[in-house]
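The stops below are given in the order in which to select them.

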Amino acid sequence: MYLTQEEERIYNGEKGEAQAIAIRLLVSIGEINGAEQLIPIKSAHISGVSYKNIGDGGLKFLKKIADKVKVPTTLNPLGFDLERNGPVEVDRDFREKQLEIIRTFISMGIKESFTCTPYYFYQQPKYGDHVAWAESSALIYANAILGARTNREGGPSALAAAIIGKTPNFGLHLDNNRIADYEVAVDGRLDYSGAAALGLYLGANYPGKIPRLVGVDYLRDFELKAFGAAIAASSSTSMFHVENRTPDDILNRGRKFEKVVVDYNELKNLMEEKSSHEKPELIAIGCPHLSKDEIDYIASLVRGKKKDKEVEVFLFASRETIKNSSESIKIIEDFGAKVFADTCMVVAPLSKKYHKTAINSGKASFYLPMKEYGGQEIIFRNFNDLLRWAVIDN
Ligand code: F3S
């Protein structure tokens, strides 16, 4: 890989050990993937923030690589809400280690965003911007909906890119690799969880391929967010298009694609197969983190109603989104639901207390049943069904 004189100095350790580790990691990744050079990035987003995910080994690596970042950088959710200390209590050791991780990130100049939706209030890349984002749901949103360019970074490579301000130029940074592989139509009208189920279905059946969705331009951004999160969780796909809607669909013009038609009933069956028939102990909403529009919508549905005491309702969003939705949050809290920032239903150790969780998220339906995430029984339904369990006077 070609390195500038400045990059070589960093590589040789003249700017300190942390920068040397960072650039060597980027160069190794670039060489394995055939990149010819490093290119400047506009921002980075780091995953692997929760102590539950990175453990002592991750904390040790973090301290070794800790140096000031060169571009605006945000952080994914961690194991608990820093102000509420919930949704489930964590023990003192977990809390201490988590706070140590946070202090290390802050010392590097990284924003305390703690969200997988940094694009709502913390940083919104523009069309064509090169960025280095980890967190599969965020990076697919950046690629597909915002038209930014990022590979599927891991926590360490996104951090290394933030420290150097550059990333190796390969994969989804190049237009040719962003073109669709196949076209998908759905025989039925999708809602939020239907879009999420479609993501799971395509991830399982066409792993790593880039779909172009046709005939679904009615889907709102937060429904496409659900689709993207699900396909990126269930496969290595990190990009998609929606005909006449997403900015890089321009790359598909005049091309012919293999056509796939998905029967809506197949998506319903998939949700059913994943679901337990037990009554949930918990309804968890906000994977990925909720937008202000979603919070306003939920508030409109629960306004003036009361929650069934036998089921908890937890919502997850970023602290800035919550701050900017204060009226709706009050309505939701008056209803009896709890709204958490900084954390999420997957990285918080929910299974310490809850074992049957109802969700409308394809990504959560993929992770929560896994042993490492507590082996939860899940109930995967659309939002209105979830609400039917929670509201007592509807
Ligand atoms: Fe976000 Fe956590 Fe889901 S990071 S996408 S809410 S698993």
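The tour goes from the ligand to the salt bridges, and then to the backbone.

This is a predicted model, in which local features need pLDDT of at least 70 and side-chain atom pairs count only at pLDDT 80 or more, while totals for chains, interfaces and linings use all residues. Residues are numbered from 1 along each chain as its sequence is written, and side-chain values use heavy atoms, with hydrogens and water left out.

**Stop 1: the ligand**

Select the ligand and the residues around it: Pro77, Cys116, Glu135, Ser137, Gly286, Cys287, Pro288, Cys344, Val346 and Lys363. A residue is included if one of its heavy atoms lies within 4 Å of the molecule. By class, the shell holds 6 nonpolar, 2 polar and 2 charged residues. Nonpolar covers Ala, Val, Leu, Ile, Met, Phe, Trp, Tyr, Cys and Pro; charged covers Asp, Glu, Lys and Arg; the others, Gly among them, count as polar.

Now colour strand S10 (residues 282-290), which gives the most to this shell, with 3 residues. Helices (H or I, at least four residues) and strands (E, at least two) are DSSP runs, numbered from the N terminus.

Which domains give residues to the shell? Domain 1 (5-175) and domain 3 (275-390) both do, so the ligand lies between them. The domain bounds come from an automatic or database domain assignment.

**Stop 2: salt bridges**

The structure holds 30 salt bridges, each a side-chain nitrogen of Lys or Arg within 4 Å of a carboxyl oxygen of Asp or Glu. Select Asp249 and Arg212, whose side chains form one at 2.7 Å, N to O. Asp249 lies in the loop between strand S8 (241-242) and strand S9 (258-263), and Arg212 in strand S7 (residues 211-214), so the pair ties together parts that are 37 residues apart in sequence. Asp249 and Arg212 are buried; buried means under 20% relative accessible area, exposed over 50%, and partly exposed in between (1.4 Å probe, protein chains only).

Next take Glu294 and Lys225, which meet in a salt bridge at 2.6 Å, N to O. With Glu294 in helix H11 (residues 292-302) and Lys225 in helix H9 (residues 221-234), the pair ties together parts that are 69 residues apart in sequence. Both residues, Glu294 and Lys225, are buried.

For a pair with other surroundings, go to Glu6 and Lys15, joined by a salt bridge at 2.7 Å, N to O. Glu6 is partly exposed at 34% relative accessibility, and Lys15 is partly exposed at 37%.

Finish this stop with Asp81, Glu83, Arg319 and Asp342, which are linked in a network of salt bridges.

**Stop 3: the backbone**

Most residues other than glycine have a negative phi, and most peptide bonds are trans. Return to Cys287 and Pro288, which are joined by a cis peptide bond with omega about 0°; Pro288 is in strand S10.

Then show Gly86 and Pro87, where the peptide bond is also cis, with omega near 0°. Pro87 is in the loop between strand S3 (73-75) and helix H4 (92-107). Asn85 is in the loop between S3 and H4 and has a positive phi of about 55°, although it is not a glycine. Its relative accessibility of 26% makes Asn85 partly exposed.

End at Asn244, in the loop between S8 and S9. Asn244 has a positive phi of about 60° and, at 62% relative accessibility, counts as exposed.
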